[in-house]
Amino acid sequence: MEQKNAISAAMILLTVCIAQFMLTSIGVALPSLGRELKASVMQINLVEQCYTLSWPCSCCPSAA
């Protein structure tokens, strides 16, 4: 039972680390994308929020 808990904890940690990396990379890319597409700050924030919500939601079924 302890081995299963350790694997679950490792998977959760891995998922959180990947999510942090992905959110950081999208945060770096959004300003230049916004300039190229002539998007407003509100539109850029909307893209960031949608990405922030959709990516972890797609990871939840794989973690269960």
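Me: Is Cys17 buried, partly exposed or exposed, and how do I read that label?

Reply: The label comes from relative accessible area: buried is under 20%, exposed is over 50%, and partly exposed is in between, with a 1.4 Å probe and protein chains only. Cys17 has 45% relative accessibility and therefore counts as partly exposed. Cys50 is also labelled partly exposed, because its relative accessible area is 44%. This is a predicted model, in which local features need pLDDT of at least 70 and side-chain atom pairs pLDDT 80 or more, while totals for chains, interfaces and linings use all residues. Residues are numbered from 1 along each chain as its sequence is written, and side-chain values use heavy atoms, without hydrogens and water.

Me: How many disulfides does the count give?

Reply: A disulfide is a covalent bond between the sulfur atoms of two cysteines. Here the rule is a pair of cysteine sulfur atoms within 2.5 Å, and the count is zero.

Me: How many helices and strands are there in the protein?

Reply: Both are DSSP runs numbered from the N terminus: helices are H or I with at least four residues, strands are E with at least two. The protein has two helices and zero strands. Helix H1 covers residues 2–37, which is 36 residues. H1 spans 51 Å from first C-alpha to last, close to the expected 52 Å; the expected span is 1.5 Å times one less than the number of residues.

Me: Where in H1 is the kink?

Reply: A bend is the angle between axes fitted to the seven residues ending at a residue and the seven starting there. In H1 the kink is about 35° and lies at Leu30, shortly before the proline Pro31. Leu30 is also buried, as are Ala19, Ile26 and Gly34 in H1. Across the 64 residues of the protein, 9% count as buried.

Me: Which residues make the nonpolar surface patch?

Reply: Patch members have over 30% relative accessible area and no salt bridge; nonpolar side chains (Val, Leu, Ile, Met, Phe, Trp, Tyr) are joined within 5 Å, like charges within 9 Å. A salt bridge is a Lys or Arg side-chain nitrogen within 4 Å of an Asp or Glu carboxyl oxygen. Ile7, Met11, Leu14 and Ile18 make a patch of about 360 Å², an area from the Shrake-Rupley method with a 1.4 Å probe, where for residues only the protein chains shown count as cover. Ile18 lies in H1 and is partly exposed because its relative accessibility is 37%.

Me: What follows H1?

Reply: Lys38 does, with a positive phi near 55°, in a residue other than glycine. Lys38 sits in the loop between H1 and helix H2 (41–63). Its relative accessible area is 73%, so Lys38 is exposed.
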